[in-house]
Amino acid sequence: MKSLKEALFELVEVPELMGPVTQVVDRRFVLDYAYAQDDFRDWYFVDSPFGGPVGHPLVLANELLFLFYDKYDGNTAQGLHTHERLRFRSPVRVGETVTVDGGYTEKYERRGQGYVTLEATARGEDGRILVEHVGREIMRTVAGEVVGKGRAKDEKRERTVLATVDPDAEIAALARHGLSERAPLPTRRAHFTQDQMSVFSWAGRGYENVHTSREKAAAAGLDRTIVQAQQQTGLIVSNLVDLFGATWFTSGDLDLRFVSPAFVGDILTTSGAVIDERDGRLEVEVWIENQDGTKTAVGWASAEISEDLARPRALL
């Protein structure tokens, strides 16, 4: 049996290679993701513009994020996801075996917390790049002492999400040329149950964490389980599929910061605003708010604009 390290910041090596690990993206795998995200649409089960069904763009969410489980015991992990960058380059065909590899590329300390950066790439059976992931998290922390604290005063950012829309602009229902700056994006809502969160965060694979276990959440100083950041990301990505269509699967870029916790039972709504059009790509801001109007995730996204109006249709 493979010997795994305890998920301690002090034990992280840079660079530290991981994988490759493989995953068969069969119908059951796609169905589990659809259940966890409440996103049952025809491109994922019937047919798509790519010839046959494909997985949701983020169907490999945790194969990328949890790649460190290849060398670390996932049941000792107490990290807190703070930043996610994704590049979507090719759809995942239902039935193919994908390969994921990568590793830790950075570690540093800030405000007494140890941060790590994990880079991972998923490839199809023919070697094509499917998704590229760069994730940053606080490793081995007590979540209740960190969530909702905001960023450090000395932490500088090149840009800021304004999270404002022009109330007089027409809703940008589909990505197209000539959209007004600050035109609002459509909204998409989710209310994740504990069952959905447990499926998403691998409780069925034997992992207990602040997303799947009330006891683990209580030990971390929380009164409820937390919706995994990647599960929130999936909500945003679903909205961007509605906005861009097929081009999101082949040219979508997403850069997110997780700024406040989302808990089981919260009503989460994602929306956004048009920023600009550059070199045939539409750039937008995106965010998620809970029922109290608190932002839980903010960021930016872009993809190529296409004249193709096809979008996935809901099956349920």
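1. A residue counts as partly exposed when its relative accessible area lies between the 20% under which it would be buried and the 50% over which it would be exposed. In this predicted model, Val-14 has a relative accessibility of 40% and therefore counts as partly exposed. Leaving aside residues up to four places away in sequence, Val-14 touches Tyr-104, Thr-105, Glu-106 and Lys-107.

2. Tyr-104, one of the contacts of Val-14, also belongs to a cluster of aromatic residues, in which ring pairs link it with Phe-66, Phe-68, Tyr-69, Tyr-72, Trp-202 and Tyr-207. Trp-202, another member of this cluster, has the charged end of Arg-205 over its ring, 3.8 Å from the ring centre. Elsewhere, the charged end of Arg-110 sits over the ring of Tyr-115, at 5.9 Å from its centre.

3. The aromatic pairs in the model number 16. The ring centres of Phe-40 and Phe-45 are 6.4 Å apart and the planes of these rings meet at 20°, so the pair is classed as stacked; both Phe-40 and Phe-45 are buried. The pair formed by Phe-244 and Trp-248 is likewise stacked, because its planes are at 25°, with the ring centres 5.7 Å apart, and both Phe-244 and Trp-248 are buried.

4. Helix H6 covers residues 229–244, 16 residues in total, and its first and last C-alpha atoms are 22 Å apart, which is close to the 22 Å expected at 1.5 Å a residue. Of the 16 residues of H6, 15 are buried, leaving the helix mostly covered. Gly-245, which comes just after H6, takes a positive phi of about 75°.

5. What is the largest nonpolar core made of, and which of its residues have the most contacts inside it? The core has 78 residues, and those with the most contacts within it are Leu-60, Leu-240, Trp-248 and Leu-254. H6 supplies the largest share of this core, namely eight residues. Not counting residues up to four places away in sequence, the contacts of Leu-254 include Thr-233, Ile-236, Val-237 and Leu-240, together with Trp-248, Val-286, Trp-300 and Ala-301. Another core, of six residues, lies apart from the largest one, and among its members are Val-210, Ala-217, Leu-222 and Phe-263. As a general background, nonpolar side chains in soluble globular proteins tend to be buried together.

6. Strand S10 (residues 295–304) is largely enclosed by the rest of the structure, because eight of its 10 residues are buried. S10 runs antiparallel to strand S7 (residues 253–258), to which six bridges join it, and Phe-258 stands opposite Ala-297 of S10. S10 also pairs with strand S9 (residues 281–289), again in the antiparallel sense, over nine bridges; here Val-286 has Gly-299 of S10 as its bridge partner. Val-286 is also among the residues that Leu-254 touches.

7. A last point concerns the hairpin of S9 and S10, in which five residues lie between the strands and Gly-293 takes a positive phi near 85°.

How values were computed. Residues are numbered from 1 along each chain as its sequence is written. This is a predicted model: local features need pLDDT of at least 70, side-chain atom pairs count only at pLDDT 80 or more; totals for chains, interfaces and linings use all residues. Side-chain values use heavy atoms; hydrogens and water are left out. Helices (H or I, at least four residues) and strands (E, at least two) are DSSP runs, numbered from the N terminus. The expected span of a helix is 1.5 Å times one less than its number of residues. Buried means under 20% relative accessible area, exposed over 50%, partly exposed in between (1.4 Å probe, protein chains only). Rings of Phe, Tyr and Trp (its six-membered ring) pair if their centres lie within 6.5 Å; planes under 30 degrees apart count as stacked, over 60 as edge-to-face and the rest as tilted. A charge sits over a ring if NZ of Lys or CZ of Arg is within 6 Å of the ring centre and within 35 degrees of the ring normal. A nonpolar core is a set of buried Ala, Val, Leu, Ile, Met, Phe, Trp, Tyr and Cys residues joined through side-chain atoms within 4.5 Å. Contact means heavy atoms within 4.5 Å. Two strands pair if DSSP finds at least two bridges between them.
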